[in-house]
Amino acid sequence: QVQLVESGGGSVQPGGSLRLSCATSGIIFTLNDMYWYRQAPGKQREFIAGISKGRNTSFADSVKGRFTISRDNAKNTVDLQMNSLNPEDTAVYYCNAVGPTMTWIMARTWGQGTQVTVSS
């Protein structure tokens, strides 16, 4: 069974930090490109950060310099470190995997999301 489970969301004051983690199962993690997206109320889901199977990283302009993404191929997890958070970062954050499952089916898989709220 393919599953992505996000954790680490919560409430934080402006200027604070949070670290999100995505635990994966059912995919060949080392062959998957991993991404984080977010969706704020009333807005479309948007790309935030990505890390390829070759560990190349990319970021949306809105988070560049504040967020970092990393992957642990031994634990099949991908993390998003978020610093200098501001209220505009409030959203549901989703983990996304693109690549083969354990049954060698190419898939795009989403987690259920984790809420991040930045407020004073």
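Trainee: A disulfide is a pair of cysteine sulfur atoms within 2.5 Å. How many does a search of the whole structure find?

Mentor: One disulfide turns up. Keep in mind that this is a predicted model. The bond joins C22 to C95, with an S to S distance of 2.1 Å.

Trainee: Which strands do C22 and C95 sit in?

Mentor: C22 is in strand β3 (residues 18–25) and C95 in strand β9 (residues 91–100). They are 73 residues apart, and the pair links distant parts of the chain.

Trainee: Is C22 buried or exposed? And what's the handedness of the link between C22 and C95?

Mentor: C22 counts as buried, at 0% relative accessibility. C95 is buried too, also with 0%. As for handedness, the angle about the S-S bond is -85 degrees, and the link of C22 and C95 is left-handed.

Trainee: OK, on to sheets. What's the order of the strands in the four-stranded open sheet?

Mentor: The order is β1-β3-β8-β7, with antiparallel pairing. β1 (3–7) and β7 (67–72) each have a single partner strand, so one side of each is left without a neighbour in the sheet. From one strand to the next the twist averages 15 degrees.

Trainee: How many bridges pair β7 and β8?

Mentor: Six bridges, in the antiparallel sense, with β8 covering residues 77–82. To pick out a contact, I69 has L80 in β8 as its bridge partner.

Trainee: And what about β9 and β10, how many bridges join those?

Mentor: Five, and the two strands run antiparallel. G99 has A107 in β10 as its bridge partner. The hairpin of β9 and β10 has five residues between the strands, and W104 takes a positive phi there, near 65 degrees.

Trainee: Switching to rings. How many aromatic pairs does the structure hold?

Mentor: Five aromatic pairs. In one of them, the rings of Y37 and W110 have centres 5.0 Å apart and planes at 65 degrees. Anything over 60 counts as edge-to-face, so the Y37 and W110 pair is edge-to-face.

Trainee: Where in the chain are Y37 and W110?

Mentor: Y37 is in strand β4 (residues 33–39) and W110 in strand β10 (residues 106–110), 73 residues apart. Y37 counts as buried at 14% relative accessibility, whereas W110 is partly exposed at 33%. Ring pairs link Y35, Y37, F47, Y94 and W110 into a cluster.

Trainee: What lies over the face of Y94?

Mentor: R45 does, at 3.7 Å from the ring centre. R71 lies over the face of F29, at 4.5 Å from the ring centre.

Trainee: Last topic, then. How many salt bridges does a search of the whole structure find?

Mentor: Six salt bridges. One of them is D33 with K53, where the closest N and O atoms are 3.6 Å apart. D33 lies in strand β4 and K53 in the loop between β5 (46–51) and β6 (57–59), so the pair ties together parts that are 20 residues apart in sequence. D33 is buried, with a relative accessible area of 15%, while K53 is partly exposed at 42%.

Trainee: Which residues are linked in a network of salt bridges?

Mentor: R38, E46, R66 and D89. E46 forms a salt bridge with R38, with the closest N and O atoms 2.7 Å apart. D89 bonds with R66 in another salt bridge, at 2.8 Å between the closest N and O atoms. D89 and R66 are both buried.

Note on methods: Residues are numbered from 1 along each chain as its sequence is written. This is a predicted model: local features need pLDDT of at least 70, side-chain atom pairs count only at pLDDT 80 or more; totals for chains, interfaces and linings use all residues. Side-chain values use heavy atoms; hydrogens and water are left out. Rings of Phe, Tyr and Trp (its six-membered ring) pair if their centres lie within 6.5 Å; planes under 30 degrees apart count as stacked, over 60 as edge-to-face and the rest as tilted. Buried means under 20% relative accessible area, exposed over 50%, partly exposed in between (1.4 Å probe, protein chains only). A charge sits over a ring if NZ of Lys or CZ of Arg is within 6 Å of the ring centre and within 35 degrees of the ring normal. Two strands pair if DSSP finds at least two bridges between them. Axes are lines fitted to C-alpha atoms, for helices over the stretch in contact, and angles run from 0 to 180 degrees between N-to-C directions. A salt bridge is a side-chain nitrogen of Lys or Arg within 4 Å of a carboxyl oxygen of Asp or Glu.
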